[in-house]
Amino acid sequence: MINGRRQSDGGIVPEKSPNKPQGAEEMEGRPPVKGKAQEHPSPRTQSRTEGMQAVLARIRKAVQRDKEGKLTALYHHVYNIEHLKAAYYQLKKKAAAGVDGETWQHYGQELEANLEDLSGRLGRGAYRAAPVRRVYIPKADGRLRGLGIPALEDKIVESVVAQIFSVIWEEEFLGFSYGFRPGRSPHLALDALTVGIELKRVRWVLEIDIRAYFDTISHEWLMKFIEHRIGDRRILDLIQKWLRAGVLEDGSWTQSEEGTPQGNLISPVLANIYLHYVFDQWAHQWRKRNARGDMIIVRYADDSAVGFEHRAEAERFKEELAERLKKFNLELQDEKTRLIEFGRYATAERKRRGEGKPETFNFLGFTHICGKKRNGQFCVLRQTMKKRMRAKLKALNIEMKRRMHIPIPEQGQWLRSVLMGHYQYYGVPRNSPAMGAFRKEVVRLWKRALERRSQRGSITWERMNRLTQKWLPNPHICQPYPSQRLCVTT
């Protein structure tokens, strides 16, 4: 509320600064606002003709007007039927069903009635979050990654809340944070890292990976961080329901004491909010207070790369970061968190000491290598990670065996889409050799699959070449040079 009046655009209650100075750590753990800010707002009627984008625009303006206040009137946007309907149509139609067994198509047969019922339960507080169904998918390193599949109605409500949260915290997120944000792709993070290494006096790169990040997020700390900006108790209760819904695996229910399941629509936003307070703000202040040389930071989700001019600062940062994460129930993964000598000076320095070539590091699916342009200037070479390529080819071989007996034109169209998707992501400048090697392996796997269709014999390479020329496109660069993209963005 502002000046004693409730605001329909998510009225803000400014939070007064304490009389006594407090450190950043104390502010992060502050309790929720006392008094009327915690009262449940009375239900209100929202015009069904007002679109979600208009609501988000008004919330954005409210946040911009007061960058430290709390939003206290948000919940009525969540159970608005038009907002729920828009969220329903944004869901993937062929997504797997959760524990309720409800599919997008079946729910849509009586969409109006179902959404009326969902809106009513949300409005009167009768909505209950269902457990997520746990499934496992293989990772590039051979391990399995657990994914949570929420019930369909949970997806709908989570989608609405995720849009609201994204607008609110987008005004706070820092420039070096790229994951789960509108208009910020992995390629933008990769380009920012490349340009930073090439233009700054970076001599050391710290590759950071957090162990089981999504599974170890502290619910207590997460709620404290959310309460920095959200004063609507019903929204906070909704988040608590999703966090406590638990996991259903092989018919056995397990309560969630920590973490937020990957697969929930709200999880990426919550995870980003968590690291904003735990890592981003802390790293930003550390750079301002402690860095005497150049220092660059790039974070995408739980993967980060930090460049330093001085090794002593890099080692100190790593040590203090481990202590910082421990306070918030997080831990660095030692096998993937490495400090390496990297940059324009690395090759000469290592040669002077009689050491080998500079080490490489991985970030967002690419191996980063110290290289040179044709004119001899230093540049960062980005090549497809071999581990990622092997995992992709392995999965492709399994799927190709499943499709072995379908008509060849259908196989060709499917493989064409696979290659085009691969080129779209990995088609960065100077990565043509790796993409060519990937296409060559796809051709080899396709030839082997076609030969298994019959016992009559092998397929000649002459015929195979005709098929590949017709269906499999050659590698091509889809992404601009890093400096070009950042200039356009700026």
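Leu445 is found in helix H17, where helices are DSSP runs of H or I with at least four residues, strands are E runs of at least two, and both are numbered from the N terminus. Leu445 is buried, with a relative accessible area of 5%; buried means under 20%, exposed means over 50%, and partly exposed is in between, using a 1.4 Å probe and protein chains only. Leaving aside residues up to four places away in sequence, Leu445 touches Leu393, Asn397 and Met400, with contact meaning heavy atoms within 4.5 Å. Met400 sits 45 residues from Leu445 along the chain, and their C-alpha atoms are 8.0 Å apart.

A quick word on what you're looking at. This is a predicted model, in which local features need pLDDT of at least 70 and side-chain atom pairs count only at pLDDT 80 or more, while totals for chains, interfaces and linings use all residues. Residues are numbered from 1 along each chain as its sequence is written, and side-chain values use heavy atoms, with hydrogens and water left out.

Helix H15 (residues 386–402) and helix H16 (residues 408–426) have axes that come within 12 Å and cross at roughly 165°. Those axes are lines fitted to C-alpha atoms, for helices over the stretch in contact, and the angles run from 0 to 180 degrees between N-to-C directions. H15 and H16 are therefore roughly antiparallel to each other; the labels go by angle, with under 35 degrees roughly parallel, over 145 roughly antiparallel, 65 to 115 roughly perpendicular and the rest oblique. On the H15 side, the contact is made by Arg388, Lys392, Leu396, Glu399 and Met400, and on the H16 side by Trp414, Leu415, Val418 and Tyr426. Sorted by class, that's six nonpolar, no polar and three charged residues. Here Ala, Val, Leu, Ile, Met, Phe, Trp, Tyr, Cys and Pro count as nonpolar, Asp, Glu, Lys and Arg as charged, and the others, Gly among them, as polar.

Follow the chain past H16 and you reach Arg430, in the loop between H16 and helix H17 (432–451). Arg430 isn't a glycine, yet its phi is positive, near 75°. Arg430 is partly exposed, with a relative accessible area of 32%. Leu364 has a positive phi too, about 55°, and isn't a glycine either. You'll find Leu364 in the loop between strand E11 (361–363) and strand E12 (366–372), and it is buried, at 12% relative accessible area.

Another helix pair is H6 (residues 111–124) with H7 (residues 152–170), packed at an angle of about 65° with axes 12 Å apart. H6 and H7 are therefore roughly perpendicular to each other. In this contact, Asn114, Leu115, Leu118, Arg121 and Leu122 of H6 meet Glu153, Ile156 and Val157 of H7, which gives five nonpolar, one polar and two charged residues.

Stepping back, the protein has 19 helices and 13 strands, and buried residues make up 50% of its 490 residues.
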